[in-house]
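Visitor: I would like to go through this model and hear the grounds for each label put on it.
Guide: Ask away, and each answer will set a value against its criterion.

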Amino acid sequence: MRFHWFAEVTYPHLPRDFRERFNAGWVTPPFSLAEPLKVGETYKMFIRLMQLADKVGFDGVLVNEHHQTPGAMTPSPNLLAASLASSTNDAAITIVGNSLALYNPPTRVAEEYAYLDCLSGGRLVAGFVLGSPMDSIFAYGVSPIEVRERFEEARALIHRAWTEPEPFAFNGKYHQLRYVNLWPRPVQKNVPIWVPGGGGSVETWDMVIKHDYCYGHLSFQGLYSSKPMVDTFWEYVDKHNGNMNPHRMAFTQIVCVANTDAEAEKQYYEAVRYFHRNASHFGPQFSNPPGYTTPRSMKFMGEYAKAAQTKLTPEDRIRAGKGEMSFWEYDEKGYIIAGTPKRVRQRLRELITQLRIGQLIPTPHMGDLAEEVAAENTRLFGYEVAPYLRDLWADQPDHWTPEVSQARIAANAPRPTAERSETIAIEERPAAK
Amino acid sequence: MRKTQTLCGGKFSVEMEVAGRGEPLLFLHGFSGLMAENPFLDELGRDFQVFAPHLPGFGDSTGAELIDDVIDAALFYHELMDELKIPSANIVAHSMGAMLAAELATLDVHRARKLVLAAPMGLWLDEHPIPDLFATQFFELPALLFHDPKSPMAQAMTSSSTLPSLLGAMSANIENTKRYGMSSKFLYPLPYRGLRKRAYRIQAPTLVLMGESDRLVPRAYGKAFTSIIANAKEEVVAKSGHMLMYEQQADFCKAVTKFLKA
């Protein structure tokens, strides 16, 4: 069982009527809403939070790539990863990840990942990302039907670039190179590869099964909404003789830990609303353009739309997006897991076992949450939650996080204590290292 | 009448509407494809033998994966014309079809006897950007494509028949996905593939026909096309948007026939 700290790097000072004024929070909202110096302050906060995550036993610190949105201001995840690679010790540098179709030539991905693996001493998780339509198609102008082909050409080139000992020529449909000869190259002989999905493309499932990549269902929609799709994924993997090890499955979950349930609501509710109102305001015109999902996937997935609505109706989604649910409604519907450490442990155990998740991506920061709350959330998770869930899947090997990180975290991460109580005073917490 | 033509030993299978009798007229449809009913083809068929192929990716035609760019598309049409034994013909083309028609006429000057480019795509003017079809939702199409968005025709032509979609938002039916996928090869991110530098080769007398209220391809594109094609003139169809041959069928057919027979 592994835990990777992650949050969207969201601009925290958007106007209250952002969602109403702009029909999309991605691709086209004006940058005049933001101040670059405040953007910089936000970046520094996230670097501090992830450094803290490294100190309290998180297995990884995770970064992602998005473009042209205040919801996630990390167009180059490798830049944030570089800050972390040089200032953390144990955690994996989990990059999920470079959108392969958007790097020209794709060897740049291979080079930068190699740099980061060297700098971190072999702690890289290399994500290969197809990219949301907002990013790949609308921000970067890639034709909807070319994204997957470009991705595949890049994927093959990256693997060759990491492993072929002599310079080689590459005659691809989208890239031609005469001399591919990488300096540097990764520390790890087999860099773990993650490919996120969750949007319903069967082609992605075929790819992760074929290459034994870790798959990620990264939707922030929680257990109930995701269960039909995730169950279908595991059935598909089983049917195609893929690896059924839970460590090949990643899942994001917003967590709001506090000393009491009432405090959780007080500390996190406004930030949860901010996140939903502003960071997930994709814009219907940009979120699923025709041509992006193949006819094969449309047919395959069409059936599961109804199943996904059993606990999360279209009306629920609209209310959630507008920030109109109560705090405990967001929790009941699975968007967040909130409350005391004991409650969060129970809910996560249920999530992890029901969906067979070996790589949980807890999200202890959301929206415009204040740094000190996110930091306390991170500490509470690291000391009071994670150690009590590490028994899950402990009998199964994990091929999808770096061995160096596994060894260091096994040695250094907080351990459970003999007795647990509802609230733990700060001075009673076990020292990490 | 529906006809099928195979090309290149079966690599392409081309569904076509064929109508009328007379000199050959090849009709190239746009990004929306041919409709279930296309009465303008029958009206043109009074004076011409009309061939209206479904471009691979549209209708039941196959071989879309073999056409990646405007060169591939132009050569596809050359091959089709040879197989149909109409190596040179009047070419009437609409919207995205006009981009492809212009390209096939530049690559082989003998292919087009005369050329009609109706509401043509194929150029880009920064001052008159063409709206992004790939970010346009169904309910926005009537206003974009028709002079009278509220007409029964406009409403009928732009209603979405949808399969349930996991994402629940604007995901279209599968036919639509194939059409847009094919069109994206020519139209996305901007509907320009370099025609400006090649158009000097077009020798056929050319009519650029613009819809008066076309909100997809603005009127300025009429002059943009006539200014780069040697023997070209512009005419306007009144009370028509982008879908001229459907919204103002009689005026469209009259203008085309008059030009081709002159």
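Visitor: Which residue just after α2(A) takes a positive phi?
Guide: In this predicted model, that residue is Gly57(A), with a phi of about 95°.

Visitor: How do you know that the span of helix α2 of chain A agrees with its number of residues?
Guide: The helix has 20 residues, 36-55, and at 1.5 Å a residue these should span 28 Å. The end C-alpha atoms are 29 Å apart, so the two values agree.

Visitor: Which residues of α2(A) are called buried, and what makes a residue buried?
Guide: The criterion is 20 or more other C-beta atoms within 10 Å of the residue's own. In α2(A), Thr42(A), Phe46(A), Leu49(A), Met50(A), Leu52(A), Ala53(A) and Asp54(A) are buried.

Visitor: How do you know whether chain A agrees with a compact globule?
Guide: For 433 residues, such a globule would have a radius of gyration near 22 Å; chain A has 21 Å, so the chain agrees with the rule. Of its residues, 54% count as buried. Among contacts between residues at least 6 apart in sequence, 79% join residues at least 24 apart. The chain holds 16 helices and eleven strands.

Visitor: What confidence does the predictor give chain B?
Guide: The average pLDDT of chain B is 93, and 95% of the residues score at least 70. Over residues 161-172 of chain B, however, the pLDDT is below 50, although this stretch has 35 contacts in the model beyond near neighbours in sequence. For the model, ipTM is 0.90 and pTM is 0.93.

Visitor: Why is the sheet of chain B called open and mixed?
Guide: Its eight strands run in the order β1-β2-β4-β3-β5-β6-β7-β8, and the pairing is mixed. At the edges stand β1 (2-7) and β8 (232-237) of chain B, each with a single partner strand, so one side of each has no neighbour in the sheet. From one strand to the next, the twist averages 25°.

Visitor: What makes β7 and β8 of chain B a pair?
Guide: Pairing needs at least two bridges, and strand β7 (206-211) of chain B has six with β8(B), in the parallel sense. For Thr206(B), the bridge partner in β8(B) is Ala232(B).

Visitor: Which strands does helix α2 of chain B lie across?
Guide: Helix α2 (70-83) of chain B lies across β1, β2 (12-19), β3 (23-28), β4 (48-53) and β5 (89-94) of chain B, at about 110° to β1(B).

Terms used: Residues numbered from 1 in each chain as written. Chains lettered and ligands numbered in written order. Predicted model: local features only at pLDDT ≥ 70, side-chain atom pairs only at ≥ 80, totals over all residues. Helix = DSSP H or I, 4+ residues; strand = E, 2+ residues; numbered from the N terminus. Expected span 1.5 Å × (residues − 1). Buried ≥ 20, exposed ≤ 12 C-beta atoms within 10 Å, placed from the backbone. Rg over C-alpha atoms; globule rule 2.2 N^0.38 Å. Contact = placed C-beta atoms within 7 Å. pLDDT = per-residue confidence, 0-100. Axes fitted to C-alpha atoms, helices over the stretch in contact; angles between N-to-C directions.
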